[in-house]
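Please look over the sequence and the 3D view before reading on.

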Amino acid sequence: MTQDFIIIGGGIAGISAAARLSHLGSVLLLEAEENLAHHASGRSAALFEPRYGLAPVVALSFASEDHHRHAEGGVLSPRGMMIVARKDQRDGFEKDANTMDLQEISISEARNLVPILNPESVAYAAHADQAWDIDTDLLLQNFAREARAKGARIVTSARVIGVTRTAAGWSVQTPDNTYETRILVNAAGAWVDAIAALAGVEPLGFTPLRRSMARLPAPGGLDVSRWPMILGQGESWYAKPDAGALIVSPAEEHPTTPHDAWADDMVLAEGLARYEEMVTEPVTRMLANWAGLRTFAPDRSLVIGPDPKVPSFVWLAGQGGYGFQTAPAASQLVADLIASRPTGFDSATLHALSPARLR
Ligand SMILES: Cc1cc2nc3c(=O)[nH]c(=O)nc-3n(C[C@H](O)[C@H](O)[C@H](O)COP(=O)(O)OP(=O)(O)OC[C@H]3O[C@@H](n4cnc5c(N)ncnc54)[C@H](O)[C@@H]3O)c2cc1C
């Protein structure tokens with residue numbers, strides 16, 4: 001049977017697209033790994049900060065807010081965000097606070113929120129409530145349930161190893177099967193350009209950037225659950241409560257190739273040192289560490305829609321550090337573009353998100 005849509009990739013991009021496209025026709029999602037969300041989508045910091053990123057990304061994030069807040073009972077819970085900076089970082093601090101619309105607070109107010117901040121090194125702090133935790137598992141499950149309820153098939157351990165053009169669209173090979181489809185949706189995360197090359201479509205120049213993370217025991221045994229996410233000026237590190245512990249990231253952007261990423265010990269150590277400089281509790285133990293790939297287009301906006309030269313090949317790519325927070329609107333946009341429906345975005349935003357801008 002020829003599918004209407006085959007989606008390659010079982011991360012948040014592919015699963016959310018499966019949910020949306022299941023309302024338009026038959027859907028088959030192919031995921032290489034044994035489990036969904038094995039790569040970037042299983043390794044995020046799970047934050048919804050709609051002002052984070054360039055204008056087209058911010059447009060997608062704000063357009064996703066209603067879904068995050070209300071669909072299936074909602075997936076957001078309050079977190080808040082704080083930037084901290086040294087005395088020599090005043091200019092960058094003001095720029096960060098303006099971009100993210102944070103209000104400057106005193107160091108004692110900052111220490112009321114996060115008691116481990118070191119008053120000898122933290123000279124400036126700014127805070128806002130407008131950042132939320134995303135229950136990423138629930139978001140994934142909700143989209144997967146919606147897709148399956150509409151008849152979509154989600155097949156794991158199905159690595160796509162060949163893609164060829166046919167009269168009707170595409171023939172897609174996995175080690176065990178060959179599937180036919182009218183439209184191919186490329187939601188393969190770090191591997192999107194590799195999938196394009198496999199299909200004979202010109203790649204768009206994506207770069208996977210590694211970002212590492214350490215999970216630390218709650219500093220000083222404190223209850224961290226209500227602490228905001230804390231960022232070093234210029235996103236030089238960040239820390240965020242996570243299930244009773246604290247996750248700390250060096251926030252590095254290390255260009256790499258698509259692979260199953262792991263944390264770099266030296267980068268982690270340097271990042272933890274930047275965090276330690278600003279707090280009173282030393283890092284004595286690490287519970288776990290990991291890394292994920294944040295994959296960006298050359299201009300760092302998402303890439304959504306049919307390829308201009310091969311319209312039956314549809315990109316849903318370049319989610320970078322925003323894949324969860326933008327997923328509701330990005331998946332809706334890909335479905336609206338495929339169905340030639342109005343999208344709710346202005347033409348400049350649509351162009352800034354289109355594959356055509358990169359050709
Ligand atoms: C440390 C870190 C922190 C982050 N924090 C946040 C945050 O706070 N908020 C936020 O919104 N985002 C955040 N992100 C970004 C977010 O995690 C990603 O943007 C998102 O997960 C990307 O989803 P995806 O589905 O495009 O990619 P992935 O989750 O990587 O999924 C792509 C899938 O395609 C599959 N695939 C590849 N090739 C093939 C093939 N040949 N055949 C079949 N399947 C294939 C892969 O196995 C993979 O499962 C963070 C990321 C990292 C690494």
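Which residue just after H8 takes a positive phi? Ser-340 does, with a phi of about 55 degrees. The model shown here is predicted.

## Domains

The chain is divided into two parts: domain 1 covers 2-67 + 135-205 + 298-358, and domain 2 covers 81-128 + 207-296. Taken over C-alpha atoms, the centres of domain 1 and domain 2 are separated by 30 Å.

Contact between them involves 17 residues of domain 1 and 16 residues of domain 2. On the side of domain 1 that touches domain 2, six residues are nonpolar, seven are polar and four are charged.

## Around the ligand

There are 40 residues around the ligand, and the nearest of these are Gly-9, Gly-11, Gly-189, Gly-292 and Gly-323. By class, the shell around the ligand holds 18 nonpolar, 16 polar and six charged residues.

Domain 1 and domain 2 each give at least three residues to this shell. Among the secondary structure elements, helix H1 (12-21), strand E13 (207-216) and strand E18 (288-296) each supply at least two. The largest share, three residues, comes from H1.

## Helix H7

Helix H7 spans residues 265-277, 13 residues in all. From its first C-alpha to its last it reaches 18 Å, close to the 18 Å expected at 1.5 Å a residue.

Buried residues in H7 are Leu-268, Gly-271, Leu-272 and Tyr-275. These cover an arc of only 100 degrees around the axis, which puts them on the same side of H7. An α-helix has 3.6 residues a turn, so residues three or four places apart point the same way. Met-266, Ala-269 and Ala-273, on the other side of H7, are exposed.

What do the buried residues of H7 pack against? Their partners are E13, strand E15 (238-242), strand E16 (245-249) and E18. Of these, E13 and E18 also each supply at least two residues of the shell around the ligand.

## Helix H8

Helix H8 (residues 327-338) has twelve residues, which at 1.5 Å a residue should span 16 Å. Its end C-alpha atoms are 16 Å apart, in agreement with that figure.

H8 is mostly covered, with ten of its twelve residues buried. The buried residues are Ala-327, Pro-328, Ala-329, Ala-330, Ser-331, Gln-332, Leu-333, Val-334, Ala-335 and Ile-338. They pack against H1, helix H2 (55-70), helix H5 (136-149), strand E12 (178-186), strand E19 (303-306) and strand E20 (313-317).

## Positive phi in two loops

Glu-235 is a residue other than glycine with a positive phi, near 50 degrees. Glu-235 is found in the loop between strand E14 (229-232) and E15. A residue needs 20 or more other C-beta atoms within 10 Å to be buried, and with 12 or fewer it is exposed. Glu-235 has 15 C-beta neighbours inside 10 Å and therefore counts as partly exposed.

Ala-251 has a positive phi of about 60 degrees, although it is not a glycine. Its place is the loop between E16 and strand E17 (254-255). Is Ala-251 buried or exposed? Ala-251 is buried, because 21 other C-beta atoms lie within 10 Å.

Notes. Residues numbered from 1 in each chain as written. Predicted model: local features only at pLDDT ≥ 70, side-chain atom pairs only at ≥ 80, totals over all residues. Near = placed C-beta within 6 Å. Helix = DSSP H or I, 4+ residues; strand = E, 2+ residues; numbered from the N terminus. Nonpolar A, V, L, I, M, F, W, Y, C, P; charged D, E, K, R; others polar. Domains from an automatic or database assignment. Expected span 1.5 Å × (residues − 1). Arc of directions from axis to C-beta. Contact = placed C-beta atoms within 7 Å.
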